[in-house]
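Morning, everyone. Please bring the structure up on the screen, and I'll walk you through it.

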Amino acid sequence: MYAELHCHSNYSFQEGASSVEELLVRAMDLGYPALALTDHDNLCGAMEFSRMANDIGIQPITGAEITLEDGSHLTLLSRTRKGYSNLCNLITHSRFHKNSTNPKVDPDFLKNHTEGITLLTGCARGKIPALATERRDKAAEKEIAKYLEWFGTNNVFVELQQNMIYGDVYRNKFLVKLAKKYGLNCVATNNVHYHIPERHQLQDALVAIRHNLTLEESHLERRANNNFYLKPVAEIASLFSELPEALSNTIKIAEQCTFNLKEDLGYELPNYPVSKNHTPLSYLKKICYQAAVRKYGSINAQVLTRLEEEFHLLQLYNLSGFFLIYYEIIQLARQAMIDLGISSSETPLEERPPGRGRGSSVASLVAYLIGLSHIDPLAYNLSLGRFLNNDMSSLPDIDLDFPRNIREELIRRIHDKYGWDHAVITGSIATYKMKGCIKDIGKILGIPSKDLHNLSRQIDTRHSKDIESEMARLPSFREKINHPYWQIFMKLTSDLHGAPKYLSQHPGGMIISSSPLTNMVPVQPSTEGERYICHWDKDSIADAGFVKIDFLALGTLSQLHESLQLIENRTGKSIDISRINFDDQEVYKSIHKADTIGVFQIESAAQMQTVTRLKPKNLREMAYEVACVRPGVGNVNGVSQFISRYVNADKWEYDHPLEKPALERTHGVILYQDQVNELAMNVAGFQPREADHLRRAFGRKNGESLIKKYWSQFKTGAIKRGVSESTALKIFNKFSGQYMFPESHAYAFGITAYQMSWIKHYYPLEFFIAIFNQQPMGFYNLETLKEDAKRHGIYPLNIDINKSLVECAPKDNNSFLLGLSMTKGISNTNAGHIVRNRDSEGPFLSITDTVNRLNLNYLALKNLARAGAFDTFTPNRRSALWEIGLIYRPASIQLSLPLSIEQDRVTLPNMSDWEKMAGEYDTTNLYPQGHLMEILRPNMSAKILTSAEIPKVPNHSKVTVAGLVIRRQHPRSHKIFLTLEDEYGHISIIVLPKVFNRYRNVLSQPVLKIIGTVSKTQDNVNIVASIIENIYVDDPLPPAKNWE
Amino acid sequence: MVKNTRKKKSLNPILPLNQPIPINVYESKTLSPISITLGQHKLNVSSLEETWEIIDEWWKPNPIKRRYHRVILENGSRITIFIDLITGLWFKQIA
């Protein structure tokens, strides 16, 4: 028998070449009873490994190969919970020690964290094996004596590895002799880096990537052969035939390692310190009752009943302390708002809440009362079950959206308040995507970067497994696919896809604990500074049972806050956005016209086409709207079905009366996640927990067998309740694995969408300034937003070196100046410097004066000129560029004599409109004065219709249109949706699969001419493309936004 | 400065040194050497001191896949030989 005790997964970044799953499945096939995961200096894969190993019946051993200060390695295995805690602390320590970018453990720290850990002396890079190789007997003996003292004789094993590398035989002989001298046991390991020998090529590639070398250059860094795989027991036995106890000791060690991470972690929910007179629950009740009186005037029966229900569930799951911590976090966020000048201490929390709830938590009244959510769940009759019920298998998620700046500040303050060992950001494992694979593999193979760039640019798939078919499609790569070198490129690219690349941070997930987190998971500082991340991603955190708190940055909230501030600055009115008229039909009318560019949640082409059909008139219908355009609804034809029933009052019937409680509110169509759970419970008698599992099963990868199991349970339950099998199947078929919103989430987002529409309708100037300043966000690029602003009578003006501020700012009631920082090459710091210089020394008098006063680099000055920032001095931008060239001297060289340049001036023709436009697109990504099509159109056939003319054309007419592509959407249906923009507006194009395949290469071009057929449905007009042509433009243009 | 000799440059200016020498080896089923023919002499392998493998340059047209053995022959000499696992040919390593 043999158990592998030294095994690296691909969480040993750029070192291990097989996934945890591949290793475990192979270990199972080989009949290993146990497997240790010993990744380099991290436990990123430990929880995933433990969960999967438990599932397939292999004993998981949690370990790591740590790096000491001198760069040597040691293999550590956790025997007990204490040992695991020590391992976490050692790895955490290695990440903070001496501010090194590479993890390093101080031996003095190791000495004090040995309890519960079994030490193996390590690979060839271990100190003792290295001394053995160098034949330094005395030094090796001294080293082993040290470890025996620290770990105890029974817990130190001399590790023997035989990977058919030159020197293995001598080293092992030396180590056996050493073990005998000290009465120690030897143990065989294979220093596994991949599950099968064939994977060694990827491992070589990863090593080359890690060292930033080509395969050719990385000879010394790569392993000499492919023997670092999970070996069959017989193979290992033959390698150690002279020392069979080296194999049997692997089993002994495995038996000693009783700690099972998935089962024995022992996480406790965070608690909240309360005064002696209170328990966490009684204190939470006090806060809620006080808030309820403020919000409702008194505590009526409805409020009391709901609160009692929620308090009962919070007590059941011991969640009161957790909610109180949230309450505290909201207070921290509010203080951050006040300190950032976004709110004042006089403004009630309810008027300008720092964050907004999203997800199922919005249905909780307690969440509403303690400031976690901005929506009264009673007013909208939101059901609690999806968030909290009396049969839950996992803890509820609470997600909060914050404006970007508040979120950043809040995370910093949470670290400060709780300490980085009690509050950390959830890790996230960045994985190799298509372009990264092409770049890194191409580089190590020495493929010219121009080829790699071209391939990356032209490729139209997300998965590297399709790279061969993609290359076959591209004329410039078609011939390469049969070349052996490119075949290796394609294979490695495909193998690398999806492999972990590095530990990153989750966008907003944090975990908070009452006891030190460093006893449960390693923590390390983030590269961003003042942030600390743990080694587990959100899935491992869920497996550990940790409570994760999500603080998400929502650009829309930043836009909303900035708009309100700008409105107050201009008009003196402080708007309480929570108390605007939510039934304002003027606002709804603008939504009905799909005047929603830049409006959160309802700006996509799909939303625009639905909103004109659904025509929401209140917040309930806004929730319908945002919930409708989700894959889980659309993919089962739910949108059309719902609109026909709700708007057109088409007749319909329930498939069974038991559906009524769940589906009555949405006319028999499943719009919300909650309704899947409700149907399973009402129709088939599922318990809440089972219903939730059923819903999740539909969303799982390869969940077919699970779904089959649930169908059987559903059928049996439904038949028991008097539903026929065929009806049960009909109902079951309505469930979808695609994404849907919980009902409360739809309300939360629906309200935000309405608020943004309200601002756009009544305060378009502030709406557009804020969205310009908050880029990147939303569906559209600046050029499209600029066109939309103009349609609303708001005019963005070119940057002016004497008037523009750092960001966009109002000029008058109908126009705003673009911000200096929008210029390519002008950072916020540079822009701030320009403004300060102007404020202190007065306006710039000329281009020469500007250049001399600012000390900007040449490119930045040229970009300002091309963006029109110097038009105030001369309308001739070519002359401006000439002048900059004459007077510019880099700051690093000796100052030039202040000689006149007048004699060097020449008369140059001004730039054409096209040149100005190209310059502005290149430097600011937009052309405030006009549109590309306005300049192109005089040179085009009169047959090409404008977007303004298309709605007047009869249905089914054949038309030709042209425009700048602003959006490409490639949903799962294989149809492509494009939006062309011309000087009058937008044209929606549908490209069917046949046409798509024919014109695939043309479709990626920025300006297109399309011949197609008009297709009108109700208020929507599309053109179904039949011929697509590229309109060649040899200048940089604003890029389209592409969505899949 | 070195004077330009104006002689025509060789087509292959870099000459490989210590090229492995092809040898005949009588091998076992597991490709272990049993006896070696060196010149006119056939010598039995007394013992295998160490075996190691090199797998490299797999991305090139002529990948390297070799198993090396350091052996002690019956006459007491110690030599390093390898089998090319792609062609099955045996070589003596010079340095």
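Let me start with a term. A residue is buried under 20% relative accessible area, exposed over 50%, and partly exposed in between, using a 1.4 Å probe and protein chains only. By that rule Ala649(A) is exposed, at 59% relative accessibility.

Some ground rules. This is a predicted model: local features need pLDDT of at least 70, side-chain atom pairs count only at pLDDT 80 or more, and totals for chains, interfaces and linings use all residues. Residues are numbered from 1 along each chain as its sequence is written, chains are lettered from A and ligands numbered from 1 in the order in which they are written, and side-chain values use heavy atoms, with hydrogens and water left out.

Back to Ala649(A). Its phi is positive, about 55 degrees, although it is not a glycine. Ala649(A) sits in the loop between α28 and α29 (660-663) of chain A. Helices here are DSSP runs of H or I with at least four residues, strands are runs of E with at least two, and both are numbered from the N terminus.

Asn381(A) also has a positive phi, near 55 degrees. Look for Asn381(A) in the loop between α15 (365-369) and β8 (398-402) of chain A. Asn381(A) is exposed, with a relative accessible area of 67%. For background, most residues other than glycine have a negative phi, and most peptide bonds are trans. Now a cis bond: Gln775(A) and Pro776(A) are joined by one, with omega about 0 degrees. Pro776(A) lies in the loop between α35 (764-773) and α36 (782-791) of chain A.

Next, helix α28 (residues 638-646) of chain A. Is α28 largely enclosed or open? Seven of its nine residues are buried, so α28 is largely enclosed by the rest of the structure. Among the buried ones are Val639(A), Phe642(A) and Tyr646(A). Their cover includes α25 (605-614), α26 (619-628) and α27 (631-634) of chain A.

Now the domains. Their bounds come from an automatic or database domain assignment. For chain A it gives domain 1 (20-264), domain 2 (280-402), domain 3 (433-497), domain 4 (557-751), domain 5 (780-924) and domain 6 (932-1043). The centres of domains 3 and 4 of chain A, taken over C-alpha atoms, are 41 Å apart.

A cavity is a set of points, on a 1 Å grid over the protein atoms alone, where a 1.4 Å probe fits but cannot get out; lining residues have an atom within 4 Å of a point. The structure holds one cavity of 30 Å³ or more. The largest cavity has about 50 Å³ of space; a volume is the space filled by probe spheres set on the points, which are joined across faces, edges and corners.

What lines it? There are 12 lining residues, and Arg352(A), Pro353(A), Arg356(A), Leu560(A) and His561(A) lie nearest the centre. Helix α23 (residues 555-571) of chain A gives the most to the lining, with four residues. Where does this cavity lie? Domain 2 and domain 4 of chain A both give residues to its lining, so it lies between them.

Last, chain B. Chain B has zero helices and six strands. Buried residues make up 31% of its 95 residues. That's my tour.

Terms used. On a 1 Å grid over the protein atoms alone, a cavity is a set of points where a 1.4 Å probe fits but cannot get out, and a pocket is an open set with protein on both sides within 12 Å along at least five of seven lines; lining residues have an atom within 4 Å of a point. Contact means heavy atoms within 4.5 Å.
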